[in-house]
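I opened the model to look up a few points and record them here. My entries follow in the order in which I worked.

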There are 2 protein chains.
Amino acid sequence: MADSGLKNMIDEIFHPRSIAVIGARSNESMENDGWVSRLVAFGFPGTIYPINPKASEIMGLRAYPTIMNVPGSVDLVIFNVPFRISDRIMADCAAKGVKFAHVFTAGFSETGKPEGIRLQNEIERIAKEAGIRVIGPNCMGLYYPKGGLTFGRLLSNKPGPVAFVSQSGASASRVVAQGTERGIYFSKVVSYGNAIDLDGTDFIEYLSSDPETQVIASYIEGVKDGRRYFNVIRECTRKKPVIALKAGITEGGSRAAASHTAVLAGSEIIWDAFFRQTGVIRVSDLEELLDMAMAFIYLHRPAGRRVGIVGRGGGLGVVATDMCETAGLKVPPFHLETQKRLEQLIPDAGTSARNPVEPDRGLAAWAAFYEEGLKAIDGDPGIDIILTHLGIDIYGGIGDRLNQSLDETIAILLKLSKQLSKPLVIVLYAGGRAETINAVLLAQQKCLEAGIPVYPSVPSAAKAISRFIGYHEFLDRKAGKPK
Amino acid sequence: MADSGLKNMIDEIFHPRSIAVIGARSNESMENDGWVSRLVAFGFPGTIYPINPKASEIMGLRAYPTIMNVPGSVDLVIFNVPFRISDRIMADCAAKGVKFAHVFTAGFSETGKPEGIRLQNEIERIAKEAGIRVIGPNCMGLYYPKGGLTFGRLLSNKPGPVAFVSQSGASASRVVAQGTERGIYFSKVVSYGNAIDLDGTDFIEYLSSDPETQVIASYIEGVKDGRRYFNVIRECTRKKPVIALKAGITEGGSRAAASHTAVLAGSEIIWDAFFRQTGVIRVSDLEELLDMAMAFIYLHRPAGRRVGIVGRGGGLGVVATDMCETAGLKVPPFHLETQKRLEQLIPDAGTSARNPVEPDRGLAAWAAFYEEGLKAIDGDPGIDIILTHLGIDIYGGIGDRLNQSLDETIAILLKLSKQLSKPLVIVLYAGGRAETINAVLLAQQKCLEAGIPVYPSVPSAAKAISRFIGYHEFLDRKAGKPK
């Protein structure tokens with residue numbers, strides 16, 4: 001398929017003028033989740049046709065017994081039917097002249113059973129003959145907040161710059177749900193399951209030139225055409241960062257992937273070499289995937305890998321330093337001028353101003369320190385990036401004091417972040433207590449709104465920062481720039 | 001020092017009949033934290049003497065201008081004084097005949113400054129001559145809930161089987177605070193800082209035969225006597241599991257450790273070999289340390305490494321399988337009889353009963369599945385341990401439905417756990433939303449109270465289970481048992 005043809009076609013999938021939900025539940029409501037109510041809640045701007053032979057109206061919309069009864073044309077169909085009738089439904093879609101089908105229905109070749117395999121082959125054949133392009137089967141389909149498409153009603157309808165291409169529906173749901181809580185919003189997300197037609201490669205190729213997408217994340221179990229995937233990814237990583245979670249990398253995982261999306265998961269050695277060669281940022285779980293997306297959205301590239309660390313707790317500072325250096329960053333001593341300046345700001349004794357530096361006890365002292373201390377570190381020619389870890393779990397206090405002091409500390413960090421020339425990364429340790437967790441969630445929201453990245457731990461931050469820089473170094477090498 | 005002498009001496013430190021707080025703040029109250037109020041709040045059963053030349057009463061207790069004015073004998077002194085007068089205070093303690101000193105005061109050799117080094121040498125000399133045994137300087141001292149000792153008033157006063165020996169005060173605070181939220185309670189915790197006298201080795205030797213302690217965790221930057229540490233640890237790991245976080249393992253981290261507790265952090269290669277030889281469970285952060293403690297307290301040893309995985313979300317199951325196998329566990333297919341039984345419990349299509357197995361959508365369906373499904377897996381001769389991951393973040397729903405359904409699911413798990421012969425481990429994914437986080441905290445508490453271990457993610461659970469089994473295999477090898 002030609003590049004521009006694919007591009008236009010997938011763009012059409014994300015912009016259907018009409019959607020028919022075949023197998024719409026008659027008892028759907030804003031309280032009772034379903035495919036029709038999701039589109040209504042998300043304000044899908046086109047026409048929605050609920051298809052249900054036993055209902056005349058669903059969610060205030062006229063329902064039709066079959067798709068053949070729909071008066072207008074149908075761009076996209078969502079299959080929410082038992083898999084045993086999927087061949088008949090696909091034949092109806094062909095007769096109706098449907099363009100695209102999202103087959104949510106599962107039970108096909110991933111079951112390993114003859115009936116499932118036969119039906120999957122059958123719907124593939126019918127769709128191909130009729131020119132219907134298919135997402136799925138066995139998948140959650142599309143989430144496109146800008147266009148009013150979603151696979152979950154609780155998901156945010158705020159758009160953003162991250163795309164997620166996922167073979168797994170649960171992973172797609174988790175990434176969007178957790179991502180938006182962490183200030184990561186999405187351009188286009190697709191869960192494509194068994195991929196009898198369109199697969200991850202197609203969507204990544206499309207997204208590589210999608211102006212709404214700056215970062216591409218993906219969850220993959222296997223690909224249909226390894227050579228094409230390699231070429232698409234190689235081109236894509238030179239334009240936009242690609243983050244990938246490859247699932248099915250162990251013997252048991254590979255067997256589980258076969259039961260999930262009927263793929264061959266492939267050799268771990270080949271995948272590893274492939275990701276290295278093409279500059280893909282490989283992650284091992286969805287939290288790490290979001291950590292990387294956070295870096296790409298919220299950070300600008302620092303001049304180098306030298307981190308200045310600020311945070312209360314001497315031992316915590318030692319571990320934070322280890323974590324940064326283990327991740328490939330450097331924590332050098334501050335310039336002597338910086339040390340002198342910092343020494344004036346820290347308590348008389350017991351804390352070091354060398355790097356890491358430790359403000360005095362209590363949140364109030366932190367606020368006082370940050371006001372001047374961060375500026376001093378920002379002016380240090382030997383430091384490229386500032387990381388501050390706030391142990392709200394142990395230093396936050398309780399009740400009103402916790403909330404008030406945390407508010408003050410965050411207010412100063414927000415004010416300062418605008419004056420700093422170097423990237424600032426904040427780690428908020430929430431601990432296990434409901435009170436500190438809830439206080440941290442509020443503080444995190446404020447930081448994210450001000451454009452400051454927030455991580456739940458130093459290791460997660462350090463790893464993400466290091467690999468974020470690594471991606472830029474990869475681009476430099478590809479562009480032939482000297483190290 | 002003879003073993004029994006050390007044992008008795010350290011036991012005395014944890015059971016002082018009287019404590020003097022030198023430098024007690026005159027404005028301490030139950031709202032205004034300080035060393036005296038901590039002891040009062042924790043119900044320390046002995047006599048407390050606040051020492052402050054400008055106060056006559058603190059927290060309702062008679063205050064004395066100096067320790068020389070105290071009428072009775074003083075077992076333990078807490079130094080809360082400026083480091084510049086620490087030599088004079090230690091001389092007073094010597095004159096008074098004090099047995100033990102916890103020098104909370106910092107500013108000594110960890111600063112690298114001549115004055116700090118001189119004063120540290122001086123208090124060391126005075127204490128040694130007078131026979132005063134010292135914890136510190138530059139440390140938080142003792143937490144012994146059973147005996148009414150604490151370094152933090154917000155910490156739990158419920159005792160438990162885990163000891164923590166920490167060179168870092170912040171790490172000690174975090175481990176106790178986060179541990180108790182995760183159902184991990186402590187026998188004895190000590191933060192010992194610069195260790196001019198008693199160091200980690202002494203406390204670990206003591207704890208190895210402490211009947212109140214079943215598991216020993218430690219945070220260490222460096223040791224004074226490597227040979228003795230090696231011997232103590234080697235003996236100890238045959239009696240009780242030892243979990244260790246070694247900090248200062250990188251160039252920057254080693255420099256930070258020197259600024260923190262004035263230690264030489266030593267070579268990473270040597271430490272690594274040492275931990276392997278002695279069967280120490282090495283962890284890289286405090287969260288992992290608590291993950292391990294959780295396994296040792298809540299799990300009984302499974303017959304082998306074969307895990308049965310239960311959880312909604314096909315892709316999440318694939319990743320969970322990868323995580324388990326990467327951690328050294330096995331996720332084999334269930335016995336065909338088990339698969340048949342499970343197939344009757346799962347939806348018609350789209351989920352696999354092979355392992356991992358996936359209950360139907362929604363928490364209500366989970367409850368129904370667990371009732372029979374876990375029993376089937378428990379009866380499978382090819383499975384040794386059951387891990388269930390509950391994606392509350394994406395499947396929990398909202399509002400009343402979330403809380404009610406989660407309650408029902410947890411109630412069934414608690415009921416079942418009593419009927420299962422194999423260890424059950426629960427992973428509760430809370431996500432980033434306040435509502436699901438708070439619901440998960442409550443659910444977690446119920447599981448822990450019923451004796452079921454709870455982890456925040458599959459990787460953390462898998463790693464802990466695998467290393468828990470690994471420790472038992474280590475004991476088998478030491479005992480000469482065949483593999």
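Are α1(B) and α6(B) roughly parallel or roughly perpendicular to each other? I find that α1(B) and α6(B) are roughly perpendicular, because angles of 65 to 115 degrees count as such, whereas those under 35 count as roughly parallel, those over 145 as roughly antiparallel and the rest as oblique.

Basis of the entries. I note that this is a predicted model, in which local features need pLDDT of at least 70, side-chain atom pairs count only at pLDDT 80 or more, and totals for chains, interfaces and linings use all residues. Residues are numbered from 1 along each chain as its sequence is written, and chains are lettered from A and ligands numbered from 1 in the order in which they are written.

Entry on the helix pair. I located α1 at residues 3-13 and α6 at residues 200-208 of chain B; their axes come within 9 Å and cross at roughly 95 degrees. Axes are lines fitted to C-alpha atoms, for helices over the stretch in contact, and angles run from 0 to 180 degrees between N-to-C directions. Helices (H or I, at least four residues) and strands (E, at least two) are DSSP runs, numbered from the N terminus. L6(B), K7(B) and I10(B) of α1(B) meet D202(B), F203(B), E205(B) and Y206(B) of α6(B); contact requires C-beta atoms, placed from the backbone, within 7 Å.

Entry on the strands. I next examined β16(B), residues 424-429, and found six of its six residues buried (20 or more other C-beta atoms within 10 Å of the residue's own, C-beta atoms being placed from the backbone). L424(B), I426(B) and L428(B) lie on one side, with V425(B), V427(B) and Y429(B) on the other. β16(B) pairs in the parallel sense with β15(B), residues 385-391, over six bridges, where pairing needs at least two bridges found by DSSP. V427(B) stands opposite H389(B) in this pairing and opposite Y455(B) in β17(B). β15(B) also runs parallel to β14(B), joined by five bridges, and G308(B) has I386(B) as its bridge partner there. In β14(B), residues 307-311, five of five residues are buried.

Entry on the chain contact. I counted 65 residues of chain B in contact with 63 residues of chain A. Among the helices of chain B that each supply at least two residues to this side are α5 (169-181) and α16 (434-449). The largest share, 10 residues, comes from α11(B).

Methods: Two residues are in contact if their C-beta atoms, placed from the backbone, lie within 7 Å. A residue is buried if 20 or more other C-beta atoms lie within 10 Å of its own, exposed if 12 or fewer, and partly exposed in between; C-beta atoms are placed from the backbone.
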